[in-house]
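Q: Could you walk me through this structure, one feature at a time?

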Amino acid sequence: MNNENQKCCKPQNNAIEDIGRAMDSIKLTVGGMVQSAGNMIAPHFPAVDIIDNFDGYIINIDLPGISKENVSLECSDHALVIKATRIDEEETKSAGYIKRERGVSTAYRRIELPEDADRDNLEAELVNGVLRIDIPKKEMSVRKIDLK
């Protein structure tokens, strides 16, 4: 009966191992990998809240452990791009690490902006690990079209 249990469970173990290998493969093929301390670390996509209030839009993005010097905001006609990097510069050779994945991390978000977002007057502030971006709404002109 012991041999039957091994035969019964072996395909399941192989399936779990196959899933694990597939997940590792997916992690390695996700774009924008960062090489850090011999480990491949994929960028993460931080949690975002977008609020539409009467006067504008408020975007809150979680960026824990990242200083404002390591945050980049770019605004185009269509989107707001947030890039951030956390670098732990502390020397850790004697700390006894077996594996270290937290030395460097990157964050990336691209947020499509509505047509009425005033891209020229947005403001951003990083407080307690949360990036807050305030985007006022601009007046949208309405043009009357005469029928022929």
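**Reading a buried arginine, a core and its strands**

A: This is a predicted model, where local features need pLDDT of at least 70, side-chain atom pairs count only at pLDDT 80 or more, and totals for chains, interfaces and linings use all residues. Residues are numbered from 1 along each chain as its sequence is written, and side-chain values use heavy atoms, with hydrogens and water left out.

Q: Where is Arg119 found?

A: Strands (E, at least two residues) are DSSP runs, numbered from the N terminus. Arg119 sits in the loop between S7 and strand S8 (123-127).

Q: How far away is the nearest side chain of opposite charge to Arg119?

A: Start with the terms. Buried means under 20% relative accessible area, with a 1.4 Å probe and protein chains only. A salt bridge puts a side-chain nitrogen of Lys or Arg within 4 Å of a carboxyl oxygen of Asp or Glu. Lys and Arg count as positive, Asp and Glu as negative; His and the chain ends are not counted. Here, Arg119 is buried but has no salt bridge. Asp77, the nearest side chain of opposite charge, is 5.4 Å away.

Q: Which backbone oxygen does the side chain of Arg119 reach at 2.8 Å?

A: That of Ala117. The backbone oxygen of Leu113 lies 3.5 Å from a polar atom of the Arg119 side chain.

Q: Which residues have the most contacts inside the largest nonpolar core?

A: In soluble globular proteins, nonpolar side chains tend to be buried together. A nonpolar core is a set of buried Ala, Val, Leu, Ile, Met, Phe, Trp, Tyr and Cys residues joined through side-chain atoms within 4.5 Å. The largest one here has 16 residues, and Ile61, Leu63, Ile133 and Ile135 have the most contacts inside it. Strands S4 (56-62), S6 (79-87), S7 (104-112) and S9 (130-136) each supply at least two of its residues.

Q: What is Ile133 in contact with?

A: Contact means heavy atoms within 4.5 Å. Leaving aside neighbours within four places in sequence, the partners of Ile133 include Tyr57, Ile61, Leu73 and Leu122.

Q: In which sense do S8 and S9 pair?

A: Two strands pair if DSSP finds at least two bridges between them. S8 and S9 are antiparallel, over 5 bridges. Glu125 has Arg132 in S9 as its bridge partner. Their hairpin has 2 residues between the strands, and Asn128 takes a positive phi near 50°.

Q: How many bridges join S4 to S9?

A: 7, and the strands run antiparallel. Tyr57 has Ile135 in S9 as its bridge partner. Of the 7 residues in S4, 5 are buried. S4 also pairs with strand S3 (residues 48-52), antiparallel over 5 bridges.

Methods:
Buried means under 20% relative accessible area, exposed over 50%, partly exposed in between (1.4 Å probe, protein chains only). Helices (H or I, at least four residues) and strands (E, at least two) are DSSP runs, numbered from the N terminus. A polar contact is a pair of N or O atoms within 3.5 Å; within protein, one must be able to donate a hydrogen and the other to accept it, and residues adjacent in sequence count only if both atoms are side-chain atoms.
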